[in-house]
Amino acid sequence: MQTFNYQIDPRFGETDALGHINHAVVPVWFEQARMPLFKLFNPELSLASWNLILKKIEVDYLAQIFVNSPVNITTWVGRVGNSSFLVKHEAHQNGQCVARGEVLMVYFDYGKQSKADIPADIRKIIAPYVSE
């Protein structure tokens with residue numbers, strides 16, 4: 001299975017009063033880490049032809065995350081249904097897994113305002129990133 005890897009340098013402004021990265025920041029990092037996956041569905045990332053919608057997100061915070069040390073985020077696809085797919089994330093800092101997350105994405109037809117089946121050609125493109 002192939003994965004997407006993204007490194008972020010936490011910023012001071014992302015910390016909270018307790019001195020660690022605020023919990024609301026991690027889902028934003030996970031979204032940024034999904035950009036290469038988004039490009040498999042929409043190579044130009046054109047908003048006029050956008051075809052994905054987020055249905056659900058879950059994040060498990062396993063340890064505090066701190067500024068001044070990079071965070072590496074690994075992303076892959078957990079499973080693929082007819083019109084939806086599960087994206088999985090793991091965030092590591094200093095060799096420790098600090099957060100895990102899952103995002104349920106839906107292939108979406110904005111013109112019809114409804115879900116649509118994921119096309120066969122896209123299924124083939126994302127297949128190397130799927131771990132069922």
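Is Lys-88 buried, partly exposed or exposed? Lys-88 is partly exposed, with a relative accessible area of 25%. Here, buried means under 20% relative accessible area, exposed means over 50%, and partly exposed lies in between (1.4 Å probe, protein chains only).

The model is predicted; local features need pLDDT of at least 70, side-chain atom pairs count only at pLDDT 80 or more, and totals for chains, interfaces and linings use all residues. Residues are numbered from 1 along each chain as its sequence is written, and side-chain values use heavy atoms, with hydrogens and water left out.

Four salt bridges occur in the structure. A salt bridge is a side-chain nitrogen of Lys or Arg within 4 Å of a carboxyl oxygen of Asp or Glu. One of them joins the side chains of Lys-88 and Glu-102, at 3.1 Å from N to O. Lys-88 belongs to strand β4 and Glu-102 to strand β5, so the pair ties together parts that are 14 residues apart in sequence. Strands (E, at least two residues) and helices (H or I, at least four) are DSSP runs, numbered from the N terminus. Glu-102 has 30% relative accessibility and therefore counts as partly exposed.

Another salt bridge links Glu-58 to Lys-56, with the closest N and O atoms 3.1 Å apart. Glu-58 is partly exposed, at 41% relative accessible area. Lys-56 is also partly exposed, at 44%. Arg-11 and Glu-14 form a further salt bridge through their side chains (3.2 Å, N to O). Arg-11 is exposed, at 56% relative accessible area, whereas Glu-14 is buried, at 9%.

Strand β4 covers residues 84-93 and includes Ser-84. Ser-84 has 16% relative accessibility, so this residue counts as buried. Contact means heavy atoms within 4.5 Å. Apart from residues up to four places away in sequence, Ser-84 touches Leu-104, Met-105, Val-106 and Ile-118.

Strand β5 spans residues 96-109, and Asp-109 lies in this strand. Asp-109 is partly exposed, at 26% relative accessibility. The side chain of Asp-109 reaches the backbone nitrogen of Lys-112 at 3.0 Å. With neighbours within four places in sequence left aside, Asp-109 is in contact with Ser-114 and Ala-116. Asp-109 and Ile-53 are 56 residues apart in sequence, and their C-alpha atoms are 9.4 Å apart in space.

How values were computed
Polar contact = N/O pair within 3.5 Å; in protein donor to acceptor, adjacent residues only side chain to side chain.
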